[in-house]
Amino acid sequence: MSDLRQPSEPQTAPVGHEPAVEGGDGDGQASPVGRLAATVERLRREVRAAQAEADGRALIELAKGILVERLGCGPAQASRQLAELTAQAGVTPLEFAVEVINQASRDRLSEVTSAFLAATAATDPPDGRSSAVRLRAAESGALAADDTQAVADSLLEHALTPLGAEAVAIWALGSDGSLALAGSAGFSSAEAGRWRHVPPGVTTVARRGLTERDGEWIRSLSDTGLPSIGQHHHPDGGRIAVPAGTGGRIHGVLEIAWPAPLESPPPAIVRQIEALAELCAHTLETYTLRHPDGVTGPRVLPDVSELMDLADGLHDPALVLVPHLGPDGHLVDFRIHHVNSRFLDPAGRPRGAVNGALLLEAYPMAAGHSELFDRIERVYATGEPFRTHRMRLTALVDDVQLAAVADINVSRHGDSVLLIWRIEDETARLASLLQHAQRLGRIGGFEENLLTGEITWNGQLYHLYGRPVSDSPVPLEDLPAHAHPDDAVAIGRFLRTLLHQRRHASAAFRLQRPDGVTRHIRVVAEPVLDSAGQLYLLRGAYQDISAHHWTEVALAATRDQLAHSEQQASERNRLTLQLQHAIMPPTQAPLEVPGLDVAVRYRPAETQHLVGGDWYDAVVLPSRLVLLCVGDVAGHGIEAATSMVVLRNALRGLAVTGAGPGQLLSWLNMVAHHLTGAVTATAVCGLYDPENNTLRWARAGHLPPVLVRGSEAAPLPLVTGLLLGAVPEATYEEHEVQLAVDDTLLMYTDGLIERRDRSVEESLAQFLTVARAVPPTLDQQLDRLLTHSRSDTDDDTCIVGIRVA
């Protein structure tokens, strides 16, 4: 805590030596006004000295009484003993008396004396008294004061000024939650008059100190914006507001003002402030007694006998609780002083087993999740009543946890607490739940006595039938007259099972109501037999299943539509697959070319609805050149398959012109661009000359062929070429490669290598690793490439391989 003490009082001249006052006659003689001021100051000092002497005399007499009790001697001997001990200690009699009191009492004030001494060590008290004496003098003045105003003066002068505080206010808590300024010091009389009464519900610094269990500690009043007494005098000053209570009951608030911002106080100083607040609580109890009918003070409410009479007159279960204090005077529990005749224990125990017991002993779970004990403790401390609905009450009986739900009302009356709980009737609650369930489920119940003819319907059943409650219920035997004629067979079977076979039965039918509305209803009933085995009662329920029925109809229609759509899709896919396989068979007859082995492989997509546009071709042209090509049309389905057929056949027809692969792809690009649907595709086209073992090739956005020579495998150089169909006209670069005996050239689509979790470069590197192993035949090599393919895109795959013999 900042050492923000007020400056010492100005030094005054000794009595008889009054200071000169302005306006004198200039000869050094004091004026009449100056002499009067000096007289007033002298009298003030004498009053303070008399008050200090009175406070000191009270403490010395208290110390003598302690010595009489401890030494077993008389007053005179105790006085001599105190004088001898004082002389030996080398301190004043008052200081030694305070030390005796601290050693003997061991109370809260004694605990905080050391902290007080440390906090005020730098203070030079003008009256020469030590800090410990000032603290005990504050206590003595508070306990002996005639009113709370004198307590405020004593606290500020003896205990708070050495800590740097400039003002103090003591607030009394009214029964209605209002705050009354019971005493103040350091504030002007006008400011105290403006803050004489604070209505309930108005949030101030003092109110926050009341609601916070540990009080309100404010560094600077301007930081919070909270109103408070003296807020315009030092708006940046610190404030402390702590509740003043004893025995678990809060009687008011102690508010202390500092002229400058307040740093976080150490724990020892916090305990000191709390001890001073406890001193105020004792005085506020007296203040309550002196203001029984004043609008600014709490009222004296009925004693415990009057509260017991009040509880006995209530129609709800009620308990009268009185505080139970521990050895240190703090509240530890409440004793159940009285229970009224309507008291119902959640565990079913008699009133005598609960009356007179401690609350936490009778209901140990009250301190648990329900927080009931905390609520009662808060009501007793502040006087603010507490009400809630459907709180869970828990009791522990014979190691069995029992629970009930109740509406709770807690209020303080004098020094006692009235606890009212209205335990919810389980039977009524279940009946209410059943009624709501029947309403939400559109269920109506009935009971029909066959002997008396009496029929009982509930309100929901009248609603289902569309009949007013004043109408007579419909007997089960008359049910066919209220149902659709087509449901007569089902209703007849239901009645025979129920009435003649005397077994549980149910039926679904269409109810035709008087208002012309038809509802789909399910009726369920059971027979009740008497002791002689004769049928005398029928009971059951009707349920409106119209929504369920139309939902089933809609689902059936949806299932039919879905089945039809699936059949159409399956037929479409089947036709597409047949078309694709007719044009692109998975295997093809070997191509007869001298000195060259040619093999092709086609693997369709694993998922049939992903029919794709991959294609290949290997054909000997009239010029004896061999046309080798693979391609991939973008997309899937019938559109991609038909576009693939067009491009494949177009390329085969264009190849007979004798043009090179670059020119063929340029023409094929124009074909793709002018196809309906903006078709795009990739392709590799090559012309192999068997006479000199050369291959001229070009590419349109496709992966280049792979050449396998010996134990090495590498893609051919990447020549430029735009994918087919992107622009109306495009040119394609050609490249020529010289093949040697046993060389293998592989042309493929991306379905062989493409993976979702890897780049194309990584997938191609893995493909080259597999391609380096050359089996004895070309067919075996292509099969091996398909087997070890790590593609995961479920796309079509085409491979064309040639090997020079």
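The model examined here is predicted. Helix α22 itself spans residues 778-787, and its buried positions are Leu 778, Gln 781, Leu 782, Leu 785 and Leu 786. Viewed down the helix axis, these buried residues fall within an arc of 135°, so they line one face of α22. The N-terminal end of α22 is capped by Thr 777. A side-chain oxygen of Thr 777 lies 3.2 Å from the backbone nitrogen of Gln 780.

At the level of the whole chain, 22 helices and 26 strands were assigned. The protein chain has 805 residues, and 44% of them count as buried. Its accessible surface comes to about 40,200 Å². Carbon and sulfur atoms account for 53% of that surface. Contacts between residues at least 6 apart in sequence were also examined. Of these, 59% join residues at least 24 apart.

The search of the whole structure returned seven aromatic pairs. In one of them, Phe 446 and Tyr 542 have ring centres 5.4 Å apart. Phe 446 belongs to strand β12 (residues 443-449), whereas Tyr 542 belongs to strand β16 (residues 535-544). The pair thus ties together parts that are 96 residues apart in sequence. Both partners are shielded: Phe 446 is buried with a relative accessible area of 7%, and Tyr 542 is buried with a relative accessible area of 2%. Another pair joins Trp 457 and Tyr 465, with ring centres 4.8 Å apart. The planes of Trp 457 and Tyr 465 stand at 35°, so this pair is tilted too. Trp 457 and Tyr 465 are both buried. Ring pairs link Phe 446, Tyr 542, Trp 457 and Tyr 465, together with Tyr 462, into a cluster.

Beyond its neighbours within four places in sequence, Ala 507 is in contact with Ala 490, Phe 494, Ile 521, Arg 522 and Val 523. Ala 507 and Val 523 are 16 residues apart along the chain. Their C-alpha atoms are separated by 5.5 Å.

Cysteine pairing was examined last. A disulfide is a covalent bond between the sulfur atoms of two cysteines. The search of the whole structure found zero disulfides. Cys 685 has a relative accessibility of 0% and so counts as buried. For Cys 798, the closest cysteine sulfur is again in Cys 629. That distance is 10.0 Å, also too far for a bond. Cys 798 is buried, with a relative accessible area of 0%.

Definitions and conventions
Residues numbered from 1 in each chain as written. Predicted model: local features only at pLDDT ≥ 70, side-chain atom pairs only at ≥ 80, totals over all residues. Heavy atoms only, no water. Contact = heavy atoms within 4.5 Å. Helix = DSSP H or I, 4+ residues; strand = E, 2+ residues; numbered from the N terminus. Buried < 20%, exposed > 50% of the residue type's maximum accessible area, 1.4 Å probe, protein only. Areas by Shrake-Rupley, 256 points an atom, 1.4 Å probe, with all protein chains shown as cover. Arc of directions from axis to C-beta. Polar contact = N/O pair within 3.5 Å; in protein donor to acceptor, adjacent residues only side chain to side chain. Phe/Tyr/Trp six-rings, centres within 6.5 Å; stacked < 30°, edge-to-face > 60°. Disulfide = S-S within 2.5 Å.
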